[in-house]
Amino acid sequence: MIENFYEHEPYDMDMASKDKLITEELLELTRFHREHCTEYRRFLDASGFDENKVETASDIPFFPVRLFKNIDLLSIPRENVFKTMTSSGTTGQRVSKIFVDRETAMIQQKVMLRILSDHWGKKRLPMLVIDSAETVRNRQMFTARGAAIMGLQIAARDIVYALNEDMTLNVRAVNDFLQKYSGRRFIMFGFTFIVWQHFYKAFEPAGTIKCTSDNEETVLNIKDYDLSDAFLMTGGGWKRLVSESISQDDFKTRMRDVFGIGHFIDHYAMVEQTGCIYAECEYGHLHASNYSDVFIRDPLDFSLKAPGEKGIIQTVSVLPHSYPGHSLLTEDEGMILGADDCPCGRKGKYIRIIGRLKSAELRGCSDTYADKMKL
Amino acid sequence: MQLNFNELQYVIGSPGTVERMTGARPLRPFDDEVIAFFGDLSAALRNVRQYPDVATFGFWCRRASLVKEKAKYDDAAERLGRGIVFHSTPSNVPVNFAFSFAAGLLSGNANIVRLPGRSFEQVDIISDAVRSLLGNGYKSLAPYVVFVKFPPAKEIADAFSSVCNVRVIWGGDGTVAGLRQSPIPARTTEITFADRHSAAVINADAYLDAERKDTVIQDFYNDTYYTDQNACTSPRIIFWQGKRKSEAKEDFWGRVHKLVSEKYDLSAVQAVGKLSAVYSAAAQKKAVLEKSPDMLVTRLRADVIGNDLMNYKYNSGFFFEKDIENLADIINVCDIRCQTLTYYGIDKKDLADLLEECRPHGIDRIVPMGKSMDFSLIWDGHDLIREMSRRVIIL
């Protein structure tokens, strides 16, 4: 029962006690989804799953996250779907579809809130979203960005969108927000590349920005404001910045220099396991909470890799009730850095994300690539 | 007409060559000079040891074998090339373009050959040899040969399509659809190589009785893993016939696994792709994954072979498998998309009977194991020489 987890603080269990609790819960979910999702039952049948052999969480069967793109996987009647979340695929690619009912949606939000409050306190904070309100407008078809923003809304109050529909800076809105909350604790949230491209670059290099509307000129000089207790929370990975030769450290340094931002929380998350975010601690480590865990798999035989070894990331989460997404093989590469011993005091594993698996060009007569291939 | 584009690179010939092509006189199929040209090209290429595919092409186009081919065409004297053939060759097979070019020139045509988009040293080796022969000793054939490279660009495809008399498109459904955006003249014919799948049938008893099993396994490897099991000719489903099936399968796949672990490099993306393919198939079909220590050889036992099973095919060593009693039991995968049936230990007469009895829409070639990639002038059901030439009769 998910309630057993609520008795704990999100990072208070060491690996031994956590594994016991999470294995039981994952096994329960495996049984539930086997009973309620035909396709999932066939996955288990095809691979010869035997629940009596499950001793630890890594024994729970997993399947590649890509299957959410090919097959509608759900364990509830369709009429109980409260919202359908989609991954942000680029044009032409198929997107993942995740079917969420009210119960799962509630669990996702509750857990996200608990995880985040461990980082910035239990009070709901004002939030400046570095994105456009359009991103969350269509509630039927969420994108990963929309879902992330929506998920965070419950942890925040007085939410202001920093960007206009055309992704230019809404100078007046940002100015008003900063006037109100300068020197206080608040959240800035956005996807890494959006923050860089549409926020940082708007201020670069002078730190000021002007705009004129209704014949009234607004001048925003960022140095007028104190952002030292602001938390800049980022997500969405670093690939696009790395391709512009901006490392994660460069990013932080520049954001600190230009805006004077005091706290940074990057996070790793996926729409297929919304709620269970892997948030960065003050030592720069991404932590698995009690609600989820990470295993690193060998690319050749999917056996477990030891801490410090690179491999394919598998994530388990006890949140997905309406769809069989409790144990997934991602297409990301990463490693476990350690467990139970991060100087920040959080228990459980902490990890490093390396990035997407490299695509492979295949031989053959058809002009195609492995990662683009239809399944 | 515009024949110069920023993105267009002439590897052999020039825009001027293309302009003069319309005036080049069609040749008879298997013209003596053309055979001599390929004979010399063969001498230059068949000892290229570092690239077996180049050597294979070199061996294929040697003089003696072309003379033998010529003898099969009793109508050659009545035939003439159609004019200009525009070949669009696949981007990820290095040497396919050379076979397409050879078929075009042997059938008596001038050829505009679009080389693979990716760069391969094999392409350079062959192109250099062709260029050198055209400059020395075969100047008269120079008006018949243009090699070009260009990224997908409609205006370039438009230009070559508008001058050709035959358009040959390799590269699968997507590439065919793309090039068909470029119109061709009314009289121009087209040979297209669409996405296909292939199958293999093995007699278990014949395999177990084989003296040199490792040769059989190497042949199977060449048919499959050598091209990432992603060629049209690569078997995607293996049928087993005979009495001692489980014994044969255990031995066969054990040896395949050993060879693959020595020679094949499976990337993480391929492994995840294969696992996804397993579950995609399993979600819709009754299929059981055979136990395996790793992801190198992935076998799904398909209990029922429906007409749509091949929608779930995958590559990089992903095999459906099925035990059969009669050859006719394979018929459900032999739809129009089926290209090659590879066999081991099956009587040729039984294969002929299968065709006669079932008359499938698919299966264009039936070849012994290990020969699936061997190029032939009759390919994919097309008689290339005859389709790229016209028969002129005097009554």
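This is a predicted model: local features need pLDDT of at least 70, side-chain atom pairs count only at pLDDT 80 or more; totals for chains, interfaces and linings use all residues.
## Chain A as a whole

Chain A contains eleven helices and 17 strands, and its C-alpha trace spans about 70 × 55 × 45 Å along the principal axes.

Buried residues account for 46% of the 375 residues in chain A. When contacts in chain A between residues at least 6 apart in sequence are considered, 68% of them join residues at least 24 apart.

## The domains of chain B

In chain B, the domain assignment gives domain 1, covering residues 9-194, and domain 2, covering residues 197-368. The C-alpha centres of domain 1 and domain 2 of chain B lie 33 Å apart.

## A buried strand in chain B

Strand β4 of chain B, made up of residues 110-114, has five of its five residues buried, and it is therefore largely enclosed by the rest of the structure. In a regular strand, side chains alternate between the two faces of the sheet. In β4(B), A110(B), I112(B) and R114(B) point one way while N111(B) and V113(B) point the other way, and all of these are buried.

Which strands pair with β4(B)? One is strand β3 of chain B (residues 84-88), which runs parallel to β4(B) and is joined to it by five bridges, with V85(B) standing opposite N111(B). Between these two strands the chain passes through helix α5 of chain B (residues 96-106), and this β-α-β crossover from β3(B) to β4(B) is right-handed.

Strand β5 of chain B (residues 145-149) also pairs with β4(B) in the parallel sense, here over four bridges, and V148(B) in β5(B) stands opposite R114(B). Together with helix α6 of chain B (residues 121-135), β4(B) and β5(B) make a right-handed β-α-β unit.

## Where the chains meet

At the contact between the chains, 39 residues of chain B touch 34 residues of chain A. On the chain B side, α8 (172-179), α12 (268-284) and β10 (287-289) each supply at least two residues, and the largest share, 14 residues, comes from α12(B). By residue class, the side of chain B that touches chain A divides into 22 nonpolar, 14 polar and three charged residues.

Methods: Residues are numbered from 1 along each chain as its sequence is written. Chains are lettered from A and ligands numbered from 1 in the order in which they are written. A residue is buried if 20 or more other C-beta atoms lie within 10 Å of its own, exposed if 12 or fewer, and partly exposed in between; C-beta atoms are placed from the backbone. Two residues are in contact if their C-beta atoms, placed from the backbone, lie within 7 Å. Domain bounds come from an automatic or database domain assignment. Two strands pair if DSSP finds at least two bridges between them. A crossover is right-handed if, with the strands pointing away from the viewer, the path from the first strand over the helix to the second runs clockwise. Ala, Val, Leu, Ile, Met, Phe, Trp, Tyr, Cys and Pro count as nonpolar, Asp, Glu, Lys and Arg as charged, and the others, Gly among them, as polar.
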